[in-house]
Amino acid sequence: MIDRDYHLHTAFSNDSTQDMEESVIRAIELGLREIAITDHFEHDVETFDFEGEYGLNRPAYIAKVREMQEKYKNQILIKLGVEIGAQPQLADYYPGELRRDPWDFIIASCHTIDRIDLFFGKVQEGKTRDEMQDLYFRHVLELVKNYDCFSVFGHLDYVTRYGGPQFRGLNYERQFPVIDEILKTLVAKGKGIEINTSAFRYNEGRFYPHPDVVKRYFELGGEILTVGSDAHRKEDIARDMDRVSDFLKGIGRKYITVFEGLQARFVRI
Ligand SMILES: [Zn+2]
Ligand SMILES: [Zn+2]
């Protein structure tokens, strides 16, 4: 059983309106033992006509997480997490910024290429699915080589999510060499990956990354794996966790990873 959700967003993220306390109450109602709140920390991105606060208000965010930790300390363990939008030009920016605050857990994700969020579909224009995946995974490889300030890399192959149906489906055969280099780099650095169940909600029929990629990470000696729903609303908290525990048990894995003060610890599933 997986009763920990290590990827949650609240209204402190630019793409969520979910009240944090309602999420905590929902997690308690679901019987979860632990959650990591991981709101978006993005910097230097093209926001087009997006109105409102794009960056993370870290002092207010941290104060709110601390308030929740204290108020619900007898009911659920709440970790202070963050999801950074990793970009090549910010490899020196994030470490300095992240050092200021006492994070438990940091997800590094690739949401943008050339400062443009894949969500908009613009990066995909004029490209085939394979060209898009070539571009994305080479980009991720540069990121994992140049970044150290994270615990796990987020939704490793979610490039299949956006751009339309023609971009669906990981071509793992074609991407195998570069994905292998990404995984080997992560293993060598002692960094983890996450299983992100949001893919089910995008009708990908699987989680991120593809199960074969997770198996390969373990084969290469990787051990650090967190599991998260990437919920942006409380209804999605802990969704499809049973599918993850079935998969992990099916391949003989008995542990997932939790973090405190950026230190990994293994817990039984
Ligand atoms: Zn993300
Ligand atoms: Zn997220």
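"Buried" on this tour means under 20% relative accessible area, with exposed over 50% and partly exposed in between (1.4 Å probe, protein chains only). Keep both in mind; we'll come back to them.

Before you click: this is a predicted model, where local features need pLDDT of at least 70, side-chain atom pairs count only at pLDDT 80 or more, and totals for chains, interfaces and linings use all residues. Residues are numbered from 1 along each chain as its sequence is written, chains are lettered from A and ligands numbered from 1 in the order in which they are written, and side-chain values use heavy atoms, leaving out hydrogens and water.

**Stop 1: zinc ion (ligand 2)**

Select the zinc ion (ligand 2) and show its protein donors: His7 (NE2), His9 (NE2), Glu83 (OE) and Asp230 (OD), at 2.0 to 2.3 Å. Donors here are N, O and S atoms within 2.8 Å of the metal (3.2 Å for Na, K and Ca); water is not among the atoms, so sites may look incomplete. Along the chain, these donors are spaced H-x1-H-x73-E-x146-D.

The angles among the four donor atoms run from 81 to 169 degrees, and the site is irregular.

**Stop 2: glutamate 83**

Now pick glutamate 83, which bridges the zinc ion (ligand 2) and the zinc ion (ligand 1), 3.4 Å apart. Histidine 7 sits in strand β1 (residues 4–8) and glutamate 83 in strand β3 (residues 77–85), so this pair ties together parts 76 residues apart in sequence. Strands (E, at least two residues) and helices (H or I, at least four) are DSSP runs, numbered from the N terminus. Histidine 7 is buried, at a relative accessible area of 0%, and glutamate 83 is buried with 0% too.

**Stop 3: zinc ion (ligand 1)**

Which residues coordinate the zinc ion (ligand 1)? Select Glu83 (OE), His111 (NE2) and His155 (NE2), at 2.1 to 2.2 Å. Histidine 111 is in the loop between β4 (105–109) and β5 (112–113), and histidine 155 in the loop between β7 (152–153) and α5 (172–189), so they tie together parts 44 residues apart in sequence.

**Stop 4: the sheet**

Switch to cartoon view for an open sheet of seven strands, ordered β1-β2-β3-β4-β7-β8-β9 with parallel pairing. Two strands pair if DSSP finds at least two bridges between them. β1 and β9 (225–228) stand at the edges with a single partner strand each, so one side of each has no neighbour in the sheet.

Key:
Four donors count as tetrahedral if all angles lie between 85 and 135 degrees; four count as square planar and six as octahedral if opposite donors are over 155 degrees apart and all others between 65 and 115; anything else is irregular.
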